[in-house]
There are 2 protein chains.
Amino acid sequence: MSTLDWKILAAQKKARQLTSVPKEWLARLTSNFPVQTDLDVTSYASTCGLLDGRELDITHSDVETLLPKLSAGEWTAVEVTTAFCKRAIVAQQLTNCLTEIFIDRALARAAELDEHYKKTGKVVGLLHGLPVSLKDQVNIKGLESTIGYVSYINKFADRDAVLAEILEAEGAVLYVKTNVPQTLMWSETHNHIFGRTLNPYNRSLAAGGSSGGEGALIALRGSPLGVGSDLAGSVRIPSAFCGIYGLRPSTGRIPYSGCANSIEGQDSLLSVLGPMSNSIAGLRLFMKTVVNAKPWTKDPLGACKRWSEEEYQLADHGGGKQLCFAVLWDDGIVAPHPPILRGLEMTKEALIRAGHKVIDWVPLKHEEICECAVRIYTAGSKEDFEVVTAVTGEPIIRSMFPETVDTPSVHDYIGQGISAYQLWQVQKKRRDLREEYLRHWQDTITITGTGRPVDAIISPVAPVAAPPHGHGRTMNRAYYTMVFNVLDYSALAIPVSKVSQRLDVQRERQTFFNDHDKAHHDSYNPATFANAPIAIQVVGRTMQEEAVLAMSEIVDAALKASQRSSTTKL
Amino acid sequence: MSTLDWKILAAQKKARQLTSVPKEWLARLTSNFPVQTDLDVTSYASTCGLLDGRELDITHSDVETLLPKLSAGEWTAVEVTTAFCKRAIVAQQLTNCLTEIFIDRALARAAELDEHYKKTGKVVGLLHGLPVSLKDQVNIKGLESTIGYVSYINKFADRDAVLAEILEAEGAVLYVKTNVPQTLMWSETHNHIFGRTLNPYNRSLAAGGSSGGEGALIALRGSPLGVGSDLAGSVRIPSAFCGIYGLRPSTGRIPYSGCANSIEGQDSLLSVLGPMSNSIAGLRLFMKTVVNAKPWTKDPLGACKRWSEEEYQLADHGGGKQLCFAVLWDDGIVAPHPPILRGLEMTKEALIRAGHKVIDWVPLKHEEICECAVRIYTAGSKEDFEVVTAVTGEPIIRSMFPETVDTPSVHDYIGQGISAYQLWQVQKKRRDLREEYLRHWQDTITITGTGRPVDAIISPVAPVAAPPHGHGRTMNRAYYTMVFNVLDYSALAIPVSKVSQRLDVQRERQTFFNDHDKAHHDSYNPATFANAPIAIQVVGRTMQEEAVLAMSEIVDAALKASQRSSTTKL
């Protein structure tokens, strides 16, 4: 296939995408539509006129409000689906966040749900009528999952992913899939088919990746609940950059079977699916529903661990009365920019005010740990990318910079290829580091004063707020997230604030960990990051999703209480 | 190091082993000691005179008898330890089953336990005073874990394995470690340091492997409870060949951290530790105790799943009232020899008599599944074996045949080495096969008549009873066990009978699956396998240890009841 051909193929697919958008909706978005220099587009949907008052009410509601209204029959599935479909289309026009759009299918399903409810007076399942968006990877029978590869255009899934099956069985309405980077191995979202996804808070900034489409869509309330995946931070980074909540569960907790993926067969350090939403309750309802559907009876890699209300009540953490959190101020490799530090400081202050203990977390060998991950990912990645792209001849994207920017290209995840035996040596090292880190955590029992080891770590999600396009990798090697993938810890991203030109001025530093750290420090100025969300992550241990959700709710409530009480001061 | 050196090193170590055996005990074994042509040595310990009546009572007791007597103070830890130490030394003289022998350490620990009991009136833990033997892999601080490699002589462990730590904290008395094959990748037990372990029921036959030392020791009641490991059948094969019970738990259920191992870093298809004993209750008490010690707080790979009494009560299997078992008569590759078929037939009959349903299990792609396993194990095994043996120049054992037998050598697990990318392709195929097998199992819901899929599979452990030395691999490619490692199913070996010259005559067959199947069929004659134990395995799904133990107890009870009622007929 010639070079021209893949471009034609990509253009055809993009054109096909456009035909899946209701023309009458697009027609109504022509008046006050933001121009390219309008950077913050978060308020446009409310004023664009496509959604009526009721539809705005619906889309401004979180999962925990939507579900009771749906199950009480106050809002119908068709109404709710229509509202989120409209708003998703608005989000798409503003940030280019979608891949597959299947509104007709969704509305037909919603009508079925309403019919069932009318007939029986009962809901179909725990997610009755709730629209759920899916990262492009999650297969739906009859649709494509291109995951950013032109080569995967016209490959229509012959079965649903196990997760899609479970969600639909519980009454969820699937309606859109969301954009990703080619190879999935970037923390930015751009590919040859659908192009780049923009950050709704500042469109000159990246939405993050690889679940960047979800990040932008949910931030614009075009979806109440979405599914991302996380191999090195791909749920948490776009959640943080777009100011929403996102959970990276432990390996196997959410069934992955039937999803398209990159570097398949690399089963040492697995990508995991996780929920993204505008509330922690949304994440929790997703986790509880999916885990209670016994995914291990459908996916052999599904972790056979039931949902535990006891663990959610923090039985292993003193009932949550006085928790001991530990703040990771920096990982000793690259210190975070001022807004991120302020996010940590706000969190610490809020937790202390709420009666919890906060100590410092001492990082242990984060660089070695992350290097293991990179060596594992890249052990066979070059062949993998080449085999896939060879089908159409599309180039492997080596830089996420806009074409007009003249900057050296980077794609850290193209390896040179090593032998199986060499890979085993890296994996052995990873195992030893995991053991060491577990002992390190257990040993904190001597300093917490609670009789328990540290309950959770409060960590940056990245050393930077949403960076300008193309800087996703130079400004964030993803070590703050990746380290917890290697350790297989449960981690939840929480929005804390937004970059303030007044509060987030540069901070002077005398010493630096290394040249990269200095360059990172020097790269900061508040204007570049105007209006970008600030986030932290709450990190618990392997398979502690219930406890991490509960502790995150405590952190989130503390932050909100703290912000309420200090609003007058600002 | 020259060729001579490794032989000297091995001889020195073997000599050192001998010094760890109390001379006065050896001196008392000289009278009616079995000569080489005495094949069945299972009754010698009772008549040798080293153990007195009380010591014989102790060593004839199973775990479920020993523990209450120990915790009631009826037997002291020192008494029980002494009895099993003596009997272990007898077993060692008969079958060469031990590696490290540390009786002084054990007796000192036992005395401490007695002292604690005397002072407080309380036991130290759930295994108070129980001697537990360990496969050579399990590290104990200050001792060697040579795992059959001369190169590992004089490498003294600097920490206890997590399992050893947990067992000792629960009051277990560690006293011996047991023999394994060099590389651990054989289903027979022989190495350059300690030599070959013999089958106590017929010393011309193999004890199996790689946990062959445990098999022989426990069969001779030189240990009430031992720990083996299983990557392709290494717990179940020696259990079956030696007529004891052995459980292969799911990956991570028992903590592996701190064990010596072969092909380390191969973390796609993991070896697991599992208990071996003379009763299922012994296996159950081990599992419950170790799992309740929360191993995941000490081993990051420990599965975070608490022991479930509800699952043990068969909550997911209709309370165990009417189970539906499915018999795997053959895997479509190599049909079992007549004694094994009789074992399956006896089990079927016993289960029907006990009121359960028994249908046929249709194997699905067992050859493809096992080929994946072999390709994964061998992806870097050659380099691994070479790196280890290069230290001393000891040769890699390529054949388990006695040196006097002129037969082509085999070591199926020496691979040629492949790239990481190639390995990923195999691992991807394995993942797909696991999914297919899970669906295959779930689909049996339509034929069981219980409203559930098949509750458990009844399968051969090997297509052969304990084979003559050197035939461990030619007569058993370990596919009957390996298939369930690939699927990560929980499987428990149960002894059913022994080879009978009258009942186990050759059975005529007209058609064969392949040449290997025909050769295997032709290799049978009852005389070769005189007195060899016959076993089956009960196979449940991933993480179903509780249910597999409960269902195995049902199978075992049914077999015993059936044998009692038919004893007069035989």
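Visitor: What rotation and what shift superpose chain B on chain A?
Guide: Keep in mind that this is a predicted model. A rotation of 180° with 0.0 Å of shift along its axis puts chain B onto chain A, and the RMSD is 0.0 Å. The two copies are thus related as by a two-fold rotation axis.

Visitor: Do the copies meet through the same surface or through different ones?
Guide: Compare the interface residues on each side. Here 100% of the interface residues of chain B are also interface residues in chain A, so the copies meet through the same surface.

Visitor: Now the sheet. In which order do the strands of chain A come?
Guide: Read across from one neighbour to the next. In chain A, 11 strands make an open sheet in the order E1-E3-E2-E6-E8-E7-E12-E13-E11-E9-E10, with mixed pairing. Strands E1 (98–101) and E10 (357–360) of chain A are at the edges with a single partner strand each, so one side of each has no neighbour in the sheet. From one strand to the next, the twist averages 25°.

Visitor: How many bridges join E6 to E8 in chain A, and do the strands run parallel or antiparallel?
Guide: Bridges tell you which strands are paired. Strand E6 (residues 225–230) of chain A is joined to E8(A) by six bridges, and the two run antiparallel. As one example, Leu225(A) stands opposite Ser277(A) in E8(A). Strand E7 (residues 245–248) of chain A is also antiparallel to E8(A), with two bridges between them. There, Gly246(A) has Met276(A) as its bridge partner in E8(A).

Visitor: Which residues lie on each side of E8(A), and are they buried or exposed?
Guide: For a strand, check one face and then the other. Val272(A), Gly274(A) and Met276(A) are on one side, Leu273(A), Pro275(A) and Ser277(A) on the other, and all are buried.

Visitor: Which strands does helix H13 of chain A lie across?
Guide: Helix H13 (residues 338–353) of chain A lies across E9 (324–327), E10, E11 (456–460), E12 and E13 of chain A, at about 55° to E13(A).

Visitor: How are two packed helices described?
Guide: By the angle between their axes and the distance between the axes. Take helix H14 (residues 366–377) and helix H16 (residues 420–442) of chain B: their axes come within 9 Å and cross at roughly 145°. H14(B) passes H16(B) in a left-handed crossing. Among the residues making the contact are Ile369(B) and Cys372(B) of H14(B), and Leu423(B) and Val426(B) of H16(B). The residues of this contact divide into seven nonpolar, two polar and four charged.

Conventions
Residues numbered from 1 in each chain as written. Chains lettered and ligands numbered in written order. Predicted model: local features only at pLDDT ≥ 70, side-chain atom pairs only at ≥ 80, totals over all residues. Heavy atoms only, no water. Buried < 20%, exposed > 50% of the residue type's maximum accessible area, 1.4 Å probe, protein only. Helix = DSSP H or I, 4+ residues; strand = E, 2+ residues; numbered from the N terminus. Pairing = 2+ DSSP bridges. Least-squares fit on C-alpha atoms with pLDDT ≥ 70 in both. Contact = heavy atoms within 4.5 Å. Axes fitted to C-alpha atoms, helices over the stretch in contact; angles between N-to-C directions. Left-handed = near helix turned anticlockwise from the far one by under 90°. Nonpolar A, V, L, I, M, F, W, Y, C, P; charged D, E, K, R; others polar.
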